[in-house]
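Trainee: Could you take me through reading a sheet, a helix pair and a chain contact?

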Amino acid sequence: MSVDAVRRGIPGATLATQLGRRARGGFIVDEWGLDPDLVAVADPVLAVRWDITVEGANQLPNVGGAVLVFNRRFGISEPWVVARGIRQATGRFVRTVGVPDVAPVGPLLRRFGGVVDRTDEIAGLLRAGQLVGLPMARGMRSREQVGRLEVERLEAALDTGCPVVPVALVGRELGRSWRIVVGRPVPFDPDGGPLAAAELAEATRQAAQVLLDESLPTSWWF
Amino acid sequence: MVRVLITGMGGELGTRVANLLEGDDRVTDILGIDLFPPRRRIFRSEFHRVEPGDRRKAVRIVRDFDPEVVLHVGIFEPHSRTSPTEARLGTAASAVSVLGAAASCPSLKAIVVRSGIEVYGRRRGAPTVPDESCELDPTSPFGRSLAHVEQVAHDAGQVAGVPVTSLRLAPIVGPSIPSPLGRYLRLPFVAVDPLSELPFSLLHQEDACQAMVAAAWASHDGPLNVVGPGAVTATQAVLMGRRVPVPVIGPGWLLAAAAAEMLGAPLPPHSRELLTRGCTADGARARTVLELAPRTTHDVVTQLYRWHTVAHPVSSEAGTPA
């Protein structure tokens, strides 16, 4: 399938071009395993599963790294929702932390932007100018409370000086509609000493909780 | 005016490094030692053939030369030109004798050693793109060999009080370098693991040589990752070379490895680890310190499959090569 066919809008031409590129090995996989072509191919399927609205995406930098700290309840939909929602709103990929390093699940999830849960991994991504999605601990009992936030992971942001942005996710695991609310970056002092990471984690958690309180619908039905 | 000692001058990399230094007016004397004779013509370098285990001869040559810069390129990769056991023993013996002797030379100013990103290992949960600050945790015999060389160089540097640059090179492939990975990827049918493969980065042989020469002048104390930007997966590399990827999982690798060995492309553990667990590193610091711009991994793979036509020298007179 030629580029001309894609330009003329022939149905399936884009998919055929992508498949042809895959057959020739001409696609891009980055050092962490993200495969943008595969994400594009899977996008229609993800669109059927989740309908996402994003608010406050202008808080995210257009270029350069940032840590997006988001709440999760069961933690199944949330990483996909954050990655797809932010990509729709900003055109940038989100590298979600927490992929198990076990085949075949790990390598597959890495193709969609997942990374292993390590501080040096997050630091490397931030140095490379990537958006990193850092989930808080699961809050299975209530969707109104955000979970704990591992302090050590934010040391990567302190080391690289990248902004830490709280994100509230509102939606139900079995539902289709999700809402992402991006807050203002949490200010921090990069030279704040040993307590800086702990204070940053506390401030980020509080900011995410405030965002979630403001974002949750008043009726339990929604 | 600098005297440079190059170990491993008989290899593709060592000979090319010698040629590059021969073109540098700052270098007055170049002495090379290796098990094999140089693979290209050398112009003003002196070469001594030394067995890796012949410590007395190596020590005498090094002390007599009294180098100011030591470029330790003499690393034997398993199944590159020697068997895995010979490679392990030769790498260790060469490092100990040459770097140990160099440490006692009064003129020594800098040591540069060839290492590899295999020293980081690919244990489960290990960082995918380690930088120089990550701890060494090699998970293959070749990675452990390289970590040992780095340790020996570090000890020698401390004894002599000189900076030691450990160049952690990505797997080196190219159209003419003997590399087990290059040979394997050029087979007509290549076994790949579709369920577990992760991306890996490569380095072109010319970029590796340029990095070693640049490191000789940089006097950087510490490790530097030298990696071609970008990454590819095994299946992707095979498809780029118009080869046929054969999906293999689990015990099927035993059969695949045996078949590859029969076809003349034995697969050492570090290459198999690379194909299934990936192998990359953060090379940003080296690009700044050494002012290098290595070829991308995509370009390295493309050149791996590009066969140059043989250039026959044109004779100027009958019977006399030009």
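This is a predicted model: local features need pLDDT of at least 70, side-chain atom pairs count only at pLDDT 80 or more; totals for chains, interfaces and linings use all residues.

Trainee: In what order do the strands of the open sheet in chain B lie?

Mentor: Strands of a sheet pair through backbone hydrogen bonds, either parallel or antiparallel. Here seven strands of chain B form an open sheet in the order S3-S2-S1-S4-S5-S6-S10, with parallel pairing. Strand S3 (45-49) and strand S10 (222-226) of chain B are the edge strands, each pairing on one side only, and the twist from one strand to the next averages 20°. Within this sheet, S5 (residues 110-116) and S6 (residues 164-169) of chain B run parallel and are joined by six bridges, with B:Ile111 standing opposite B:Val164.

Trainee: How are H3 and H4 of chain B oriented to each other?

Mentor: Two packed helices are described by the angle between their axes and the distance between the axes. The axes of H3 (residues 84-103) and H4 (residues 141-160) of chain B come within 9 Å and cross at roughly 5°, and the two helices are therefore roughly parallel to each other. The residues of this contact divide into 14 nonpolar, four polar and one charged. H3(B) also lies across S1, S4 and S5 of chain B, running at about 175° to S4(B).

Trainee: How many residues does each chain give to the contact between chains A and B?

Mentor: Chain B gives 24 residues and chain A gives 21 residues. On the side of chain B, helix H7 (residues 234-240) supplies the largest share, four residues, and that side has 13 nonpolar, seven polar and four charged residues.

Key. Residues are numbered from 1 along each chain as its sequence is written. Chains are lettered from A and ligands numbered from 1 in the order in which they are written. Axes are lines fitted to C-alpha atoms, for helices over the stretch in contact, and angles run from 0 to 180 degrees between N-to-C directions. Angles under 35 degrees count as roughly parallel, over 145 as roughly antiparallel, 65 to 115 as roughly perpendicular and the rest as oblique. Ala, Val, Leu, Ile, Met, Phe, Trp, Tyr, Cys and Pro count as nonpolar, Asp, Glu, Lys and Arg as charged, and the others, Gly among them, as polar. Two residues are in contact if their C-beta atoms, placed from the backbone, lie within 7 Å. Two strands pair if DSSP finds at least two bridges between them.
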